[in-house]
Amino acid sequence: MPDLQIIGTPHSNFTWTTRIVCVEKSVPYVHVQLRPHTPEVERISPFGLIPVMRHGDVQVFEARAICTYIDRAFLGPSLIPSDPVKAALTEQWVSAVTTSVDRLMMRQYVLKHATPGTPDGKPDRAAIDAALTLMPKQLSMLDRTVGTTGYLVGDAFTLADAYLVPILFFMTKLPESAEMLANVENLRRYFEHHFNRASIRDTAPPPDYAASPSYYARWGRQAVSK
Ligand SMILES: N[C@@H](CCC(=O)N[C@@H](CS)C(=O)NCC(=O)O)C(=O)O
């Protein structure tokens with residue numbers, strides 16, 4: 001059996017989700033630590049985005065598609081429930097986290113600190129302030145959702161949680177969002193509980209993670225077998 005390669009940086013939340021799925025299913029993989037838009041990534045993703053995956057002749061881009069491949073190509077517990085209602089709710093939350101939560105909390109907030117694209121390289125304060133005004137509404141919605149069972153769907157860990165927990169991790173790393181998260185009790189407990197799950201804790205970004213341009217600048221190519 002060829003190596004399964006997950007290609008992307010350790011602090012890419014979407015790459016992290018695909019690695020959580022590998023660990024949940026006990027699938028060995030090699031984590032090839034490459035940035036977006038590098039030639040090897042662009043050979044697989046026409047958009048140059050991470051994660052991308054290689055398994056022998058199979059090459060896949062888009063995190064959701066990679067998760068489907070890992071789920072179906074390997075034995076091990078599925079993170080998509082077989083029950084049709086729970087499966088639909090899992091897809092609903094994967095889609096909502098990807099299109100709404102990630103957009104606000106990662107693209108419009110965390111990355112405006114880490115890779116701001118400002119002329120002086122300083123955090124993009126206008127974008128950050130705009131994101132901060134929108135965040136309480138999303139955080140309360142998520143707080144209500146996980147309030148009953150401690151999961152996004154039903155009473156078990158699903159792919160939807162594997163998408164959300166990494167984003168919350170990055171929220172805890174910046175003071176303003178950390179304070180907001182600390183004030184939504186159910187969601188705070190949800191994060192603390194799931195962050196202790198081995199598949200998440202053991203695939204988390206290195207302990208020195210900092211949402212700063214200097215941290216992001218130093219990632220090059222590394223391959224680490226898991
Ligand atoms: N729809 C893609 C989104 C992937 C994505 O946005 N990846 C980020 C890192 S988490 C990236 O490559 N960003 C580089 C860029 O936007 O140029 C997926 O789900 O895989």
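Axes here are lines fitted to C-alpha atoms, for helices over the stretch in contact, and angles between them run from 0 to 180 degrees between N-to-C directions. Everything below comes from a predicted model.

**View 1. Helix α6 meets helix α7.**
With that definition in hand, take α6 and helix α7, which covers residues 175-182: their axes come within 6 Å and cross at roughly 115°. On the α6 side, the contact is made by L168, M171 and T172. Helix α7 answers with S177, A178 and L181. Sorted by class, this contact has 4 nonpolar and 2 polar residues, and no charged ones.

**View 2. Helix α4 alongside helix α6.**
Here α6 (residues 159-172) shows up again, this time packed with α4 (residues 84-114) at an angle of about 15°, the axes being 9 Å apart. Since angles under 35 degrees count as roughly parallel, that makes α4 roughly parallel to α6. The crossing of the pair is left-handed. To find the contact, look on α4 for T90, W93, V94, V97, T98, V101, D102, M105, M106, Y109 and V110. Their partners on α6 are L159, A160, Y163, L164, I167, F170 and M171. By class, the residues of this contact split into 15 nonpolar, 2 polar and 1 charged.

**View 3. Helix α5 across helix α8.**
Helix α5 runs over residues 125-147 and helix α8 over residues 185-195; their axes come within 7 Å and cross at roughly 70°. Angles of 65 to 115 degrees count as roughly perpendicular, so that is how α5 and α8 sit relative to each other. This crossing is left-handed. From α5, the residues to look for are L139, L142, D143, V146 and G147. They meet E185, N186, L187 and Y190 in α8. The class tally for this contact is 5 nonpolar, 2 polar and 2 charged.

**View 4. Around the ligand.**
Zoom in on H37, and you'll find a polar side-chain atom 2.6 Å from an oxygen atom of the ligand. I50 uses its backbone instead: an N or O atom there lies 2.7 Å from a nitrogen atom of the ligand. For E62, an N or O atom in the side chain is 2.8 Å from a nitrogen atom of the ligand.

**View 5. The peptide bond from I50 to P51.**
The peptide bond from I50 to P51 is cis, with omega near 10°. Most peptide bonds are trans. P51 itself sits in the loop between α2 (39-44) and β3 (52-55).

**View 6. S26 and its backbone.**
Next comes S26, in the loop between α1 (13-24) and β2 (30-33). Its phi is near 55°, a positive value in a residue other than glycine. Most residues other than glycine have a negative phi.

**View 7. Q5 and its neighbours.**
Q5 belongs to strand β1, residues 4-7. What does the side chain of Q5 make a polar contact with? The partner is the side chain of R54, at 2.7 Å. Leaving aside residues up to four places away in sequence, Q5 touches V30, V32, V52, M53 and R54.

Key: Residues numbered from 1 in each chain as written. Predicted model: local features only at pLDDT ≥ 70, side-chain atom pairs only at ≥ 80, totals over all residues. Heavy atoms only, no water. Helix = DSSP H or I, 4+ residues; strand = E, 2+ residues; numbered from the N terminus. Parallel < 35°, antiparallel > 145°, perpendicular 65-115°, else oblique. Left-handed = near helix turned anticlockwise from the far one by under 90°. Contact = heavy atoms within 4.5 Å. Nonpolar A, V, L, I, M, F, W, Y, C, P; charged D, E, K, R; others polar. Polar contact = N/O pair within 3.5 Å; in protein donor to acceptor, adjacent residues only side chain to side chain.
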